[in-house]
Amino acid sequence: MSRTEVVVYANGELLAAAAAARLVTRIVDIQAAKGSASVGLTGGGTGIAVLRELKESSARDAIDWSRLDLYWGDERFVPADSDERNEKQAREALLDHVPLDPKRVYAMAPSDGEFGDDVDAAAAAYAEVLAANASADGTDDGSGVPAFDIMMLGLGGEGHTASVFPDSPAVHDTGHSVVAVRDCPKPPPTRVSLTLPAIRRAREVWLMTAGEAKAEAVSLALSGADETQVPVSGARGYRRTLWLLDRTAAGKLTKVYQTPNA
Ligand code: 6PG
C-alpha cells in the first residue's frame, strides 16, 4: 500500500537543500540494502536547484556514484547543447562534477542526435532502453519499465508533471511507457516524456515544488483530482509518494502537514 507524505518548508531555498539532503540519505540507504540505486531526474527550476544543492553537499560522496542509474522523467526535444535541455542543465548542476558511470546515465535523445528530428523515434528508443533495463535488473512487471527507486518530479500550476499535461494525448496514453509530446503548453513545445503508468513503476515518487502558482494544483492533487485533468495527481510511487513543498505551494492545503521551520 502506497503512503503519501507531505513536508512543508519555509521557502524554496530550504526546500531544495532539504530535498538534496533527503536524496543523499535515501540513495545511501538503498545502495546499502541492494548494492545500487536508480533515480529519475526532472527538469524545471526546483529539480535543477536540488541537483545544485547536492553538488555542494559535504555528504554527497557518501553516495557510490559508480552504482547509480540515472534516468529522466522527461526531456525537451532540442539540440544536445541547448541550454533548455534538462540533461545539459543536470550535467552543469551536478552530473559532470561526480564520478558517475557514464554507461549508467540514460539520457533521452536530443533533436540533433541519432534520430534527428524524429521525436517519435526518440521516444520509442527510450522505451526500448527502459525495457532492456527492466529485463536486465529483473524488475520487469510486464510493463517494460524498471522499478525506479526514486522518481523526482516537478509540477506546473495547471497540474502537469514531467511533460504530461491536462487532457493531452500523453495523459490519455496508457499503452506506452514513453511518448512524444507536441505543442506542449510549456516551451519548448516538443518533448519526450514518461507516461503516468511508467512514473507509477517507481517505488517512490518525490514531487518537489515551490511558489504560490502551484498551490491550486497541489491542493487538487492531494484531494484526489482526476489525473486526466490534473496529471500530477496520478504521479504516485507504489510504496511512497513524498510531496516536498514550500509554504506558498502548500498554501491551499487544509490538512496540517509536517512543517520543519516553516
Ligand atoms: C520540464 C519539467 C517540468 C517541470 C515543471 C516545474 O522539463 O519542464 O520536467 O515538468 O518540472 O514544469 O518546473 P519549475 O520547477 O521550473 O516550476
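Is Tyr 71 buried or exposed? I began with this residue in what is a predicted model. Tyr 71 has 3% relative accessibility and therefore counts as buried, the cut-off being under 20%.

**Entry on the aromatic pairs.** I looked up how many aromatic pairs there are, and the count came to 2. I examined the pair of Tyr 71 and Tyr 106, which is stacked, with 4.9 Å centre to centre and 20° between the planes. I then located both partners: Tyr 71 belongs to strand β3 (residues 68-72), while Tyr 106 sits in the loop between α3 (86-93) and α4 (119-136). The two are 35 residues apart in sequence, so their pairing ties together separate parts of the chain. I noted a relative accessible area of 19% for Tyr 106, which is therefore buried, as the limit is under 20%.

**Entry on Phe 148.** I next looked up Tyr 71 with Phe 148 and found an aromatic pair that is edge-to-face. Its rings are 5.1 Å centre to centre, with 70° between the planes. This pair links distant parts of the chain, 77 residues apart: Tyr 71 in strand β3 and Phe 148 in the loop between α4 and β5 (150-153). I recorded Phe 148 as buried, at 0% relative accessibility.

Notes. Residues are numbered from 1 along each chain as its sequence is written. This is a predicted model: local features need pLDDT of at least 70, side-chain atom pairs count only at pLDDT 80 or more; totals for chains, interfaces and linings use all residues. Side-chain values use heavy atoms; hydrogens and water are left out. Rings of Phe, Tyr and Trp (its six-membered ring) pair if their centres lie within 6.5 Å; planes under 30 degrees apart count as stacked, over 60 as edge-to-face and the rest as tilted. Helices (H or I, at least four residues) and strands (E, at least two) are DSSP runs, numbered from the N terminus. Buried means under 20% relative accessible area, exposed over 50%, partly exposed in between (1.4 Å probe, protein chains only).
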